[in-house]
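Try each task yourself before you read its solution.

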Amino acid sequence: MKTVLRVAALMALTAWSGTAAANTFSLTIVNKTGSVLEAFYTSPVGEDDWEEDMLGDEVIAPGKQKTIRFKDDRNVCKYDMRFEFGGGDLEPLEDTQNLCDLGTYTITE
């Protein structure tokens, strides 16, 4: 009986730990350039590949902003970011930030 209770307690603790470890945060991207922001990629620092485009089918026009909501079960806050613009006027911009604490990221030329 004690073994069953220990296994049940361990399973409950494991499930709770996984839920507690998830980071949920938002980042507002402000586009103060003269170009349309067409793609926004992120990945935790140290990853070799970019993850999916966080804008999906949307864009951020010059002078506009968009809030992106993140939920990441990896319990990381430091992310590499890549911004790609339409029209060929601006080269892609890359940066690294603590997205859990940042809140707003303004892109300028």
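**Exercise 1: the disulfide**

Applying the distance rule for sulfur atoms gives a count of one disulfide, where a disulfide is a pair of cysteine sulfur atoms within 2.5 Å. This is a predicted model, in which local features need pLDDT of at least 70 and side-chain atom pairs count only at pLDDT 80 or more, while totals for chains, interfaces and linings use all residues. Residues are numbered from 1 along each chain as its sequence is written, and side-chain values use heavy atoms, with hydrogens and water left out.

Task: find which cysteines form the disulfide, and describe the link.

Solution. 
- Step 1. The partners are Cys77 and Cys100, with sulfur atoms 2.0 Å apart.
- Step 2. The angle about the S-S bond is -90°, and the link of Cys77 and Cys100 is left-handed.
- Step 3. Cys77 sits in the loop between strand E3 (65–72) and strand E4 (78–85), and Cys100 in helix H2 (residues 99–102), so the pair ties together parts that are 23 residues apart in sequence. Helices (H or I, at least four residues) and strands (E, at least two) are DSSP runs, numbered from the N terminus.
- Step 4. Cys77 counts as partly exposed at 25% relative accessibility, and Cys100 counts as partly exposed at 24%. Buried means under 20% relative accessible area, exposed over 50%, and partly exposed in between (1.4 Å probe, protein chains only).

**Exercise 2: the chain as a whole**

Task: state how many helices and strands the protein chain has, and in what pattern they follow.

Solution. 
- Step 1. The protein chain has two helices and six strands.
- Step 2. Along the sequence, their pattern is α-β-β-β-β-β-α-β.
- Step 3. Of the 109 residues in the protein chain, 28% are buried.
- Step 4. Take contacts (heavy atoms within 4.5 Å). Among those between residues at least 6 apart in sequence, 65% join residues at least 24 apart.

**Exercise 3: aromatic rings**

Task: count the aromatic pairs, then classify Phe70 with Tyr79 and Phe83 with Tyr105.

Solution. 
- Step 1. Rings of Phe, Tyr and Trp (its six-membered ring) pair if their centres lie within 6.5 Å; planes under 30 degrees apart count as stacked, over 60 as edge-to-face and the rest as tilted.
- Step 2. The count comes to five aromatic pairs.
- Step 3. Phe70 and Tyr79 have ring centres 6.0 Å apart and planes at 50°, so this pair is tilted. Both Phe70 and Tyr79 are buried.
- Step 4. For Phe83 and Tyr105, the centres are 5.2 Å apart and the planes at 10°, so the pair is stacked. Phe83 belongs to strand E4 and Tyr105 to strand E6 (residues 104–108), so they tie together parts that are 22 residues apart in sequence.
- Step 5. Phe83 is buried at 0% relative accessibility, and Tyr105 is buried at 11%.
- Step 6. Phe25, Phe70 and Tyr79 form one aromatic cluster.

**Exercise 4: the nonpolar core**

Task: find which residues of the largest nonpolar core touch the most other members, and which element gives the most to this core.

Solution. 
- Step 1. A nonpolar core is a set of buried Ala, Val, Leu, Ile, Met, Phe, Trp, Tyr and Cys residues joined through side-chain atoms within 4.5 Å.
- Step 2. In the largest core, with 16 residues, Leu27, Ile29, Leu37, Phe40 and Phe83 touch the most other members.
- Step 3. Two or more residues come from each of strand E1 (23–32), strand E2 (37–44), E3, E4 and E6. E4 gives the most, with four residues.
- Step 4. Beyond neighbours within four places in sequence, the contacts of Ile29 include Leu37, Phe40, Phe83 and Tyr105.
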